Amino acid sequence: MKKLTAMFILMVASITVQADDSDAVEIVRDGADLAVELDVRPDRDTTDTAIVASSVGDANVDSAVVICRAFDANGQRIGIAKMQVPARGLRYLRASDITNGQDYVGQVRCTARPHTVAVTAYLVAPSGITDLKSRQHSHRGVSHTLVPVTASF
């Protein structure tokens with residue numbers, strides 16, 4: 001019974017998540033932009049989370065749409081953004097893109113369609129770069145990724 005209830009909740013959540021992406025700001029950054037972002041410079045005075053989406057499907061798959069939502073420490077949604085990831089390509093956005101530059105600590109949840117996208121996250125800070133844990137699963141052709149701790153300030 002618990003398994004059935006969990007599956008129902010997951011199904012309802014995926015339908016809810018897909019229904020309200022019309023206000024998502026589209027972010028277009030590729031691998032070259034990411035290399036510049038990850039170049040640690042001594043004058044950097046901000047901390048931000050880079051959310052990286054890589055297409056891991058075959059070359060015949062069309063581009064994937066990745067929609068990411070940021071939630072603050074109280075669970076309130078504070079922004080939404082999306083990326084078009086080309087087949088076998090890479091795109092990334094910053095947590096500050098999702099929150100329109102608002103400082104926050106919270107989490108980011110992303111969905112990708114088709115599910116052949118891997119989403120990872122990195123904290124880019126003045127002292128260096130570290131990878132962040134994320135959890136990913138696919139359900140009914142949609143990839144769901146949770147990055148439980150993200151920040152932008």
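Let me start with a pair: arginine 69 stands opposite arginine 109 in E6. Strands here, at least two residues long, and helices, H or I with at least four, are DSSP runs numbered from the N terminus. This is a predicted model, where local features need pLDDT of at least 70, side-chain atom pairs count only at pLDDT 80 or more, and totals for chains, interfaces and linings use all residues. Residues are numbered from 1 along each chain as its sequence is written, and side-chain values use heavy atoms, leaving out hydrogens and water.

E3 and strand E6, residues 104–113, are antiparallel and share eight bridges; pairing requires DSSP to find at least two bridges between the strands. Eight bridges also join E3 to strand E4, residues 77–85, again antiparallel. On that side, phenylalanine 71 stands opposite arginine 77. The E3–E4 hairpin has four residues between the strands, and glycine 75 there takes a positive phi near 85°.

How many of the nine residues of E3 are buried? Seven are, so E3, residues 64–72, is largely enclosed by the rest of the structure. Buried means under 20% relative accessible area, exposed over 50%, and partly exposed in between, with a 1.4 Å probe and protein chains only.

Now arginine 29, in the loop between strand E1 (25–26) and helix H2 (31–37). Arginine 29 has a relative accessible area of 15%, so it counts as buried. Beyond its neighbours within four places in sequence, its contacts (heavy atoms within 4.5 Å) are Leu90, Arg91, Tyr92, Leu93, Arg94 and Asp97.
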